[in-house]
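Here is a short briefing on one protein chain. Read it alongside the sequence and the model.

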Amino acid sequence: MASDRLRNSVHELIRDHLADFLNESKQSGKTFVREADMEISRFDEERACLQNIQKAITAETWARVARVSTQRNSLLPIQRLPPEILTYIVEESLGYLDAHPERRTTRRLRELASVCRQWNYALDQNPSLWSRIDHTRDASFAAHKSGNAPLSINFVNEGYLTIDELKRGLAPLRPHSQRWRSLQLCMESSVPLQFDMGLESVSTSNLEDLGFLVHSTGRTRMVPNLDRHPLRRLVLSSISTSWDTVACMTGLRSLTISDLADGLGCPSADQIAGILSGLSQLEELTLSNLEAHLPDVSGPPPAPPTFYLPALRSLALGDVCNTREAAMWLFECITAPNLIGLSLTGNRMSPIAGDVIVDALKRHRTDSLLLVVMASLALHQKVCARITHGGCHITCGHEVRRGAHWGVEIYLPQGTYAEAWQGLIDVASGFMGDLPLDVEIDKHSGQWPPSPDPDPACLNQVSSLSVLRLGYDVKADAFLRYLFTEIPGNQAKYPCPNLTEVYVRRSFTGTETRRQAMNLLMDKRPDLALYEEDRRFSGDST
């Protein structure tokens with residue numbers, strides 16, 4: 001057919017042309033390939049040369065940039081600081097100088113050392129910066145970088161360590177045991193039985209600070225041979241020891257015994273008295289949750305002695321004995337003329353703390369611990385109190401710095417708002433004079449049966465009330481309306497004449513009535529600063 005003939009003709013034509021091309025290629029192919037290879041090689045050499053030139057220029061450019069940057073940075077004020085000032089700044093940034101050191105300080109130090117050469121050099125020249133080890137992973141590196149500086153080992157932030165984790169963390173530190181000054185361990189309850197065995201082969205003759213935080217599982221462990229260390233600070237939490245041995249450790253300056261409330265290993269009142277008699281140079285003392293859940297055999301001595309502790313600066317007392325009546329005997333028996341920090345927070349002790357404090361006032365005890373601490377506070381301090389149906393938490397200039405208390409902290413657990421408010425009156429008016437009072441009132445909405453709302457009239461019982469904070473679940477409109485209710489025959493006209501600020505938390509209910517009361521309070525008492533959350537309330541704005 002015609003189409004087949006056409007197709008065949010095209011195929012013949014293509015074959016003829018391909019044959020001519022292949023013949024020409026065979027004759028000139030060798031020369032063409034050789035010339036192309038030479039051209040490609042020449043281009044490759046030229047490209048490599050240009051790349052080398054580029055690398056050299058780049059290297060020289062960056063070298064010049066580095067020299068200029070170094071010269072520029074050397075003129076900055078922070079680069080001209082003396083090494084000791086730079087060290088102080090680093091210590092401050094890591095939290096070494098306050099109550100809450102930063103975690104993984106070794107890792108943070110490595111980051112700071114990479115900022116610039118001068119910082120790297122300064123940190124390398126100060127081994128003591130690397131001597132604080134707060135993670136088992138950093139133990140080996142920090143032990144090397146710290147040189148011969150005394151080591152402070154704190155394995156508390158990692159949680160409760162098992163015996164294997166503890167061994168791994170201490171293994172690279174054992175050769176440096178002579179440098180140990182502080183050792184703080186947080187561990188499972190199974191560890192203490194084997195722990196002392198693991199340290200018998202190393203020398204800890206320079207250890208001054210020792211602490212155990214043990215996971216309580218219903219049985220108390222014992223740590224022996226504490227007197228073989230020249231300890232100045234001892235912390236025992238959920239772990240017992242020979243309390244007669246502790247009473248003989250006259251070098252102690254800080255002692256914490258807590259969380260021995262299972263009736264085993266808990267020191268009796270006589271043993272506590274022996275400790276306080278033997279350790280007259282204590283500077284910090286914490287006794288908390290030491291109730292033996294057994295028949296009351298650990299009450300105070302028949303005739304409680306007076307413990308004179310002239311060096312005591314911080315005192316924290318929780319539940320120390322089984323009964324309410326016995327719980328406050330230490331508070332009354334300790335005399336500490338230089339006390340600057342006091343904390344009373346035990347559930348058994350605190351309900352009668354207000355009664356004891358008022359009784360001390362009646363007896364004109366000028367050496368009462370609370371009066372001593374209040375006298376040490378600056379005059380510009382204010383009293384803060386949080387009142388709920390469960391109790392009253394009172395603070396004045398209180399903070400905790402590395403386990404030591406400053407200022408006053410008192411928790412008064414009560415059953416009603418009226419009792420909690422009365423506790424505040426007993427403490428604040430009796431011992432804290434006319435210091436401004438900052439009060440937060442709140443209630444727990446989830447309790448059943450629900451607690452009654454506090455009576456707004458209680459506000460007028462404390463003349464020094466200056467700041468009022470109303471919580472989410474408190475009927476704020478009742479308090480706000482009370483504040484602009486005129487008092488007949490009263491020169492001040494309105495309740496709480498010294499009140500300057502009122503804070504109201506936003507609630508999901510009662511929004512309209514609350515805002516009406518806030519508007520009325522602004523109209524009646526324009527001298528008050530009224531806040532909704534932390535924003536100044538400006539009338540009818542939503």
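What share of the 542 residues in the protein chain is buried? Buried residues make up 42% of them. The model is a predicted one. Its protein chain holds 16 helices and 21 strands. Of the contacts with a separation of 6 or more, 67% join residues 24 or more positions apart.

**Helices α15 and α16**

- Helix α15 spans residues 476-483, and helix α16 spans residues 511-524.
- The two pack at an angle of about 15 degrees, with their axes 9 Å apart.
- Angles under 35 degrees count as roughly parallel, so α15 is roughly parallel to α16.
- The crossing of α15 and α16 is left-handed.
- On the α15 side, the contact is made by Ala-476, Asp-477, Leu-480, Arg-481 and Leu-483.
- On the α16 side, Thr-513, Arg-514, Gln-516, Ala-517, Met-518, Leu-520 and Leu-521 take part.
- By class, the residues of this contact between α15 and α16 are 7 nonpolar, 2 polar and 3 charged.

**Helices α3 and α4**

- Helix α3 covers residues 105-113, and helix α4 covers residues 117-124.
- Their packing angle is about 140 degrees, and their axes lie 8 Å apart.
- That angle makes α3 oblique to α4, because the roughly antiparallel class takes angles over 145 degrees.
- From α3, the residues in contact are Leu-109, Leu-112 and Ala-113.
- They meet Trp-119, Asn-120 and Leu-123 in α4.
- This contact of α3 with α4 has 5 nonpolar residues, 1 polar and no charged.

- An α-helix has 3.6 residues a turn, so residues three or four places apart point the same way.
- In α3, the buried residues are Thr-105, Thr-106, Leu-109, Leu-112 and Ala-113.
- These residues cover an arc of only 115 degrees around the axis, which puts them on the same side of α3.
- What do the buried residues of α3 pack against? Their partners are α2 (83-93), α4, β1 (132-133) and α5 (139-145).
- Helix α6 (residues 163-170) has Ile-163, Leu-166, Gly-169 and Leu-170 buried.
- The buried residues of α6 fall within an arc of 130 degrees when seen down the axis, so they line one face of the helix.

**Ser-254**

- Ser-254 lies in strand β8, which runs over residues 254-258.
- Is Ser-254 buried or exposed? Ser-254 has a relative accessible area of 6%. Buried means under 20%, so Ser-254 is buried.
- Leaving aside residues up to four places away in sequence, Ser-254 touches Arg-232, Arg-233, Leu-234, Leu-282 and Glu-284.

**His-215**

- Where is His-215 placed? His-215 sits in the loop between β4 (209-214) and β5 (221-222).
- His-215 has a relative accessible area of 30% and is partly exposed.
- Along the chain, His-215 and Ser-189 are 26 residues apart. Their C-alpha atoms are separated by 5.3 Å.
- Ser-189 is also one of the residues that His-215 touches, not counting residues up to four places away in sequence.

Conventions
Residues are numbered from 1 along each chain as its sequence is written. This is a predicted model: local features need pLDDT of at least 70, side-chain atom pairs count only at pLDDT 80 or more; totals for chains, interfaces and linings use all residues. Side-chain values use heavy atoms; hydrogens and water are left out. Axes are lines fitted to C-alpha atoms, for helices over the stretch in contact, and angles run from 0 to 180 degrees between N-to-C directions. Helices (H or I, at least four residues) and strands (E, at least two) are DSSP runs, numbered from the N terminus. Angles under 35 degrees count as roughly parallel, over 145 as roughly antiparallel, 65 to 115 as roughly perpendicular and the rest as oblique. A crossing is left-handed if the near helix is turned anticlockwise from the far one by less than a right angle, and right-handed if clockwise. Contact means heavy atoms within 4.5 Å. Ala, Val, Leu, Ile, Met, Phe, Trp, Tyr, Cys and Pro count as nonpolar, Asp, Glu, Lys and Arg as charged, and the others, Gly among them, as polar. Buried means under 20% relative accessible area, exposed over 50%, partly exposed in between (1.4 Å probe, protein chains only). The arc is that of the directions from the helix axis to the C-beta atoms.
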